[in-house]
Amino acid sequence: MATPLEQWVESVAHMTRPAAIQWCDGSEAEAAGMIEKLVQEGRTVPLNNKTYPNCYLHRSDPTDVARTEKVTFICTRDRENAGPTNNWMAPAETKQMMGRLFEGSMKDRTMYVVPYIMGPTASPQSRIGVELTDSPYVAASMRIMSRMGKVALDRLGSSSDFVPGLHSLGDLSPDRRFIAHFQEEKLIWSIGSGYGGNALLGKKCFALRIASWMAREQGWMAEHMLILGLESPSGKVTYMAAAFPSACGKTNLAMMVSALENQGYRVWTIGDDIAWMQVGADGYLHAINPEAGFFGVAPGTNEKTNPNVMQALRKNTIFTNTAMTAKAEPWWEGMDDNPPADMLDWQGRAWASSMGPAAQPNSRYTVPATQSRSISSRWEDPAGVPISAFIFGGRRARLAPLVYEAMDWQHGVYVGATMASETTAAATGAVGVTRRDPMAMLPFCGYNMADYFGHWLEMGRKIPHPPKVFHVNWFRTGDDGKFLWPGYGENVRVLKWMLERIEGKAAANETPIGLLPTPESLTLDGLRVTRKTIEDLLSVDPAAWMKEHADVTNFFNGFGDRLPAGIRDEHRRLGERLQRVPAGTK
Ligand code: GTP
Ligand code: SPV
Ligand code: MN
């Protein structure tokens, strides 16, 4: 008798008609074969074997360089269940339309059967997925980003308990590119893109869009959050999870080298992008990182901003759409001050500065998590790590202060629900446009966002020791347009304040939007930032917040009656608090 997996593979092969089918075991030899194939195809080149052993540079199709939110669909049977913030198509019609594109799409290509575990192999919180793909780049990347191959097949056995994901490059035409999620069936179909979250189906498609749906059904949480451990001088480690939108600093915060290391504060990495969390026996929310690697933004990464990742990238790494130096080493803007001579840009053309950036702004590295020296000893703990703080944040040139704390869980959910951020190169479309991005989940919530807020409120009732909730903004700028806060390793100063709030030690001022640090409660020694800058970073402008409040009203109106009462109440209360502030105060 064929297993459910074998039956599905068979039916997909019938539709896509691959020349060969390769069941992946996850071995080195198999990975080497995939790389060999990639190099033959001509879009992938080996990098300098001395300085970057077993590293490769892959150049994707120039029209396929980032997630495409416009062609990403949540295909629930009832449109209302996808909600106003998702694109929706009816499941049956979507299958018909995409089925035509999948028809014979793998002709002349090998179909890789990629079984994978999302989460530590031994964790009961982990889940299995299987991706069928005709892209050796995707298969090789999945091997870094998940526990892929035999380990997953062994865990699956003959069970039907896996999330199937079908992926084909198709003809890579943006007009025939679709990423569809069939929530009721827990099935993913993606065609026409070979890039990142569009194509590595374990990541955003499964671990966020499908998993957020599962999590609501089953009473847990699937969030776009990094997970870190902050070690204090006593050696105690406090775990925090942070939701920032794409390209807003998750990887860098999770992997930071603390500026307060000499005072005994260190940061350990558990995950850099996604957290799956459930209530543990101890009454805390416990988080696992479903991924096994980092798919990180290259531009801006350097020895100062993220030395941990710079070291990790020196072997076994796939770079995508970075530039390449004459020494066959990867390069990107912000790696060092001076671009080296004789460089090839991300499309492999001889580069001149008149051509714009040498590396694509969303160029990335794919590296095994274990290669970072910052990796926590508990990163594969089957029970996950207990979370003491949630941190929301985004890119806000104005308005949002460096940090504030929510009054309680419900207010914290409201703070997350009203997040906004300037768009980045991680998704196609305009960059730098401020948009509402609740919990950094706007592109990733697999159901009606109003119901998602409801689920958050509901979780609050189920967690005996809920995390404290904070909001941060590393990206506030001064009149000269420059960032006011140095960011990166200095962000530990903000984490330390949070830790001291959790421990009931640090002082705070109450403002209409929440609790802000008193300037004295932040550890600023050794930091070259003026008192005035700190005051600017911590200022709250009631008039500007009134405008923000009105904008949120518009956003919330889109959800109609489905918006939970708890969120409505918090919104009204913020309005009242803002009105009570005497005019002219800051
Ligand atoms: P995704 O992988 O898309 O989810 O992104 P991410 O949230 O992990 O963002 P990442 O840490 O890769 O940072 C994105 C960009 O923001 C990079 O160019 C970083 O150099 C920059 N960045 C990260 N942290 C800071 C910070 O504290 N301050 C400033 N000014 N820039 C930062
Ligand atoms: C993001 O955009 O949030 C990413 C990159 O982490 S991608 O995997 O392409 O979605
Ligand atoms: Mn991300």
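The second largest pocket is lined by 22 residues, and those nearest its centre are Glu28, Ala31, Arg143, Ile144 and Pro368. The model is a predicted one, in which local features need pLDDT of at least 70 and side-chain atom pairs count only at pLDDT 80 or more, while totals for chains, interfaces and linings use all residues. Residues are numbered from 1 along each chain as its sequence is written, chains are lettered from A and ligands numbered from 1 in the order in which they are written, and side-chain values use heavy atoms, with hydrogens and water left out.

**Second largest pocket**

- A pocket is an open set of points on a 1 Å grid over the protein atoms alone, where a 1.4 Å probe fits, with protein on both sides within 12 Å along at least five of seven lines; lining residues have an atom within 4 Å of a point.
- The second largest pocket holds about 530 Å³ of space, a volume being the space filled by probe spheres set on the points, which are joined across faces, edges and corners.
- Helix H2 (28-41), helix H4 (136-145) and strand E8 (147-148) each give at least two residues to this lining; helices (H or I, at least four residues) and strands (E, at least two) are DSSP runs numbered from the N terminus.
- H2 provides the largest share of the lining of the second largest pocket, 4 residues.
- The lining of the second largest pocket comprises 12 nonpolar, 7 polar and 3 charged residues. Ala, Val, Leu, Ile, Met, Phe, Trp, Tyr, Cys and Pro count as nonpolar, Asp, Glu, Lys and Arg as charged, and the others, Gly among them, as polar.

**Largest pocket**

- The largest pocket contains about 1,100 Å³ of space. Its lining has 50 residues, with Ala247, Gly249, Asn252, Pro299 and Arg395 closest to the centre.
- At least two lining residues come from each of helix H6 (196-199), helix H7 (202-218), helix H8 (250-254) and strand E18 (293-297), and H8 gives the most, with 4 residues.
- Sorted by class, the lining of the largest pocket has 19 nonpolar, 20 polar and 11 charged residues.

**Ligand 1**

- The space taken by ligand 1 is the largest pocket; a molecule sits in a pocket if more than half of its atoms lie within 2 Å of the pocket's grid points.
- Ligand 1 is surrounded by 22 residues, the closest being Ala247, Lys250, Asn252, Arg364 and Tyr488; a residue is near a molecule if one of its heavy atoms lies within 4 Å of it.
- An oxygen atom of ligand 1 lies 2.9 Å from a backbone N or O atom of Gly249.
- A polar side-chain atom of Lys250 is 2.8 Å from an oxygen atom of ligand 1, and an N or O atom in the side chain of Asp273 is 3.1 Å from an oxygen atom of ligand 1.
- Taken alone, ligand 1 exposes 650 Å², of which the protein buries 93%; accessible areas come from the Shrake-Rupley method with a 1.4 Å probe.
- H8 supplies the largest share of the shell around ligand 1, 3 residues.

**Ligand 2**

- The space taken by ligand 2 is also the largest pocket. H6 and H7 are the elements that give two or more residues to the shell around ligand 2.
- Residues around ligand 2 include Arg67, Lys203, His224, Ser246 and Asp273.
- Oxygen atoms of ligand 2 lie 2.8 Å from a side-chain N or O atom of Arg67, 2.5 Å from one of Ser246 and 3.4 Å from one of Asp273.
- The protein covers 98% of the 280 Å² of accessible area that ligand 2 has on its own.
- The shell around ligand 2 has 3 nonpolar, 4 polar and 5 charged residues.

Conventions:
Polar contact = N/O pair within 3.5 Å; in protein donor to acceptor, adjacent residues only side chain to side chain.
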